[in-house]
Amino acid sequence: TRECIEIARVVTSRSNAKVRGIFFYQGETEVILSHRTGNSDYVTNWPITYLRIIDYLRQEFGDLPAVHAQLAITSNPSPVLQQFWTQLKSLQAAVAVPYSAYIITDDLTLVDGVHLDEDSQQIAGTRFGEAMQALLSQ
C-alpha cells in the first residue's frame, strides 16, 4: 500500500495526472494468516484495516470513490481455512464505506487455488470499472 501511495504522489506531483478512485482486492493473506496461526483477528480486522486505508487515501488525494472486491472461491479443502474464507467474504459484503461499492467474484475461475486466472481478471476488471463508473456518475 505504501509503495502505491508513493508512486501516486510522484506521478501526481510531476504531471497533470489525478487519482480518481480506489480499487481494492485483498484478503487472501488475512485468511492464510488466520489459518496458520488459528487466530481469527487477521480476518475480523479486515474491515478496520480497509477503512483505515480508504480514509488515508482520501486524506491524501481527496474524496475518492472506492470499489473493493469480495474474495472469489478457494480450492483449499481445509475446513478451517474455508471457515475463515467464508467469514472474510461476509465481512467484505457488509463493510459500509460512504461513496463506495463492491464487486462479487464467486463465479470466476482461479489459476492457483487462490488468484484469478487471466480471463477472470479481465472480467473482474470490467466489473471494477462499471462499479467505479457508477460511483463517478453520482
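Good morning. The structure holds 5 aromatic pairs. Please keep in mind that this is a predicted model.

Let me begin with F23 and F128. Their ring centres lie 5.1 Å apart with the planes at 70 degrees, so this pair is edge-to-face. F128 is buried, at a relative accessible area of 10%, whereas F23 counts as partly exposed, at 48%. Together with Y25, these residues form one aromatic cluster.

A second pair joins F24 and W46. Here the centres are 6.1 Å apart and the planes stand at 55 degrees, so the pair is tilted. This pair, too, links distant parts of the chain, from F24 in strand β1 to W46 in helix α4, 22 residues apart. F24 counts as buried at 12% relative accessibility, and W46 counts as buried at 2%.

F23 also brings us to the largest pocket. About 260 Å³ of space lies in this pocket. Of its 13 lining residues, C4, I5, I22, F23 and L57 lie nearest the centre. Helix α1, strand β1 and helix α4 each supply at least two residues of the lining. Which kinds of residue make up this lining? There are 11 nonpolar and 2 polar residues, and no charged ones.

After α2 comes G38, with a positive phi near 75 degrees. Thank you.

Note on methods:
Residues are numbered from 1 along each chain as its sequence is written. This is a predicted model: local features need pLDDT of at least 70, side-chain atom pairs count only at pLDDT 80 or more; totals for chains, interfaces and linings use all residues. Side-chain values use heavy atoms; hydrogens and water are left out. Helices (H or I, at least four residues) and strands (E, at least two) are DSSP runs, numbered from the N terminus. On a 1 Å grid over the protein atoms alone, a cavity is a set of points where a 1.4 Å probe fits but cannot get out, and a pocket is an open set with protein on both sides within 12 Å along at least five of seven lines; lining residues have an atom within 4 Å of a point. Grid points are joined across faces, edges and corners, and a volume is the space filled by probe spheres set on the points. Ala, Val, Leu, Ile, Met, Phe, Trp, Tyr, Cys and Pro count as nonpolar, Asp, Glu, Lys and Arg as charged, and the others, Gly among them, as polar. Rings of Phe, Tyr and Trp (its six-membered ring) pair if their centres lie within 6.5 Å; planes under 30 degrees apart count as stacked, over 60 as edge-to-face and the rest as tilted. Buried means under 20% relative accessible area, exposed over 50%, partly exposed in between (1.4 Å probe, protein chains only).
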